[in-house]
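Reader: I'd like to go through this model with you, feature by feature. Could you give me the general idea each time, and then the case at hand?

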Amino acid sequence: MIKHLGLKAYGKINLGLDVLRRREDGYHEVRMIMQTVGIFDRVDLIWKAEPGIQVETNLYYLPTNENNLVYKAANLLMSEFHVKEGLTIRLKKFIPVAAGMAGGSSDAAAVLFGVNKMFQLGLTTKQLMERGVKIGADVPYCILRGTALSEGIGEILTPLPPMPQCQVLIAKPAISVSTKFVYENLHANDLRPDEHPDIDGIIAAIHRKDIYGVSGKLGNVLETVTVREYPIIQEIKDKLLEHGAIGSLMSGSGPTVFGLFTNPHAAQTAYEAMRFGEDSKLAKQVYLTNFYNQKENFHGA
Ligand code: ATP
């Protein structure tokens, strides 16, 4: 019997994010190019004999009750399969919170994977993904990972060939951006054609393994709202380009910005300037990482 599982829940960035329209039911139809990056939260699952789900986390401001996505994920499967035993979930966050990197969704995905394994529920990846969408639109993708096109409300996924490797500098400014605010102010049905990113062009460049083709077309329609409201997002984008990034973009609904670098020296210099040096006032959290393209499992934490 498995009594302990150590899992890594990876974050994502969007190489492209388009919103096609707002549906009658209020959901937005999206077309997003998702890419897993090497920043992860640690999720430890510890079996216990007594029933119940207990959540512990290193961030005091995150809920530890049923509002935490890891709780929701465990509860979803354990209720459905009438699991008699209990579970302690230890969550150590490294992915910036409420930042557009799907941290909570990825934690939930890791818990779905782990609970399925620990209690031998026998669900396939596809079945886990079907359940995951009930927790959040990005959860199915976080189970799949790698490079993928995400459509519908995020639940229709098409895997894409892995991106050519490069350095990814991630910078989150010290502001909070509500996803709800961004979508409410988007007016998705009134966007001009030129405000939509060229998602098909990005897909074609990914198929050609053309990193410059991708970086030249990076686009996120949600920037039309956030950059106007929070100029620091544009400032960080410009700074990363100044430091030699081949492209930079806001991820998800922000405020996290990333820059892609093919020159490791430039990436390191940019990281040091953003993290410790003259540009360190721009961002609160700064990471230098890569694309993460392995899909096998969530292990190795
Ligand atoms: P997305 O890219 O999907 O928009 P995000 O990066 O904007 O995700 P998250 O970090 O996943 O947002 O979390 C957003 C909110 O969800 C937080 O304000 C937090 O209170 C709540 N939350 C619940 N569970 C978690 C979790 N495990 N990790 C982070 N946030 C969580």
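Author: Happy to. Let's start with the overall dimensions: for 301 residues, a compact globule would have a radius of gyration near 19 Å, and this chain has 19 Å, so the two agree. The radius is taken over C-alpha atoms, and the globule rule is 2.2 Å times the number of residues to the power 0.38. Along its principal axes, the C-alpha trace spans about 55 × 45 × 35 Å.

Reader: And what should I keep in mind about where the values come from?

Author: This is a predicted model, so local features need pLDDT of at least 70 and side-chain atom pairs count only at pLDDT 80 or more, while totals for chains, interfaces and linings use all residues. Residues are numbered from 1 along each chain as its sequence is written, and side-chain values use heavy atoms, with hydrogens and water left out.

Reader: How many helices and strands does the chain have?

Author: Helices (H or I, at least four residues) and strands (E, at least two) are DSSP runs, numbered from the N terminus. Here you get ten helices and eleven strands.

Reader: How do I read burial, and what share of the residues is buried?

Author: Buried means under 20% relative accessible area, exposed means over 50%, and partly exposed is in between, with a 1.4 Å probe and protein chains only. In this chain, buried residues make up 55% of the 301.

Reader: Which domains is the chain divided into?

Author: Domain bounds come from an automatic or database domain assignment. That gives domain 1 (4-159) and domain 2 (167-290), with 23 Å between their centres, taken over C-alpha atoms. Contact means heavy atoms within 4.5 Å, and 28 residues of domain 1 are in contact with 35 residues of domain 2.

Reader: What about contacts by sequence separation?

Author: Take the contacts in the chain with a separation of 6 or more: residues 24 or more positions apart account for 76% of them.

Reader: Let's look at a helix. Which residues of H6 are buried?

Author: The general idea: an α-helix has 3.6 residues a turn, so residues three or four places apart point the same way. H6 runs over residues 199-207, and its buried residues are Ile 199, Gly 201, Ile 202, Ile 203, Ala 205 and Ile 206. They pack against strands E1 (4-22), E2 (28-48) and E5 (147-152), and against helix H7 (211-215). After H6 comes Lys 209, with a positive phi near 60°.

Reader: Where else does a residue other than glycine have a positive phi?

Author: Ala 98 is one such case, with phi near 50°. This alanine sits in the loop between E4 and helix H2 (103-118), and it is exposed, at 58% relative accessible area. His 82, not a glycine either, has a positive phi of about 50°. You'll find His 82 in the loop between helix H1 (69-80) and strand E4 (86-92), exposed at 59% relative accessible area.

Reader: Now the backbone at Pro 255: is the peptide bond from Gly 254 cis or trans?

Author: Omega tells you, and here it is near 5°, making the Gly 254 to Pro 255 bond cis. Pro 255 lies in the loop between strand E9 (247-250) and strand E10 (257-261).

Reader: Which residues does Gly 100 touch?

Author: Setting aside residues up to four places away in sequence, Gly 100 touches Lys 12, Asn 14, Ser 251, Gly 252, Ser 253 and Gly 254. Gly 100 is in the loop between E4 and H2, and at 15% relative accessibility it counts as buried.
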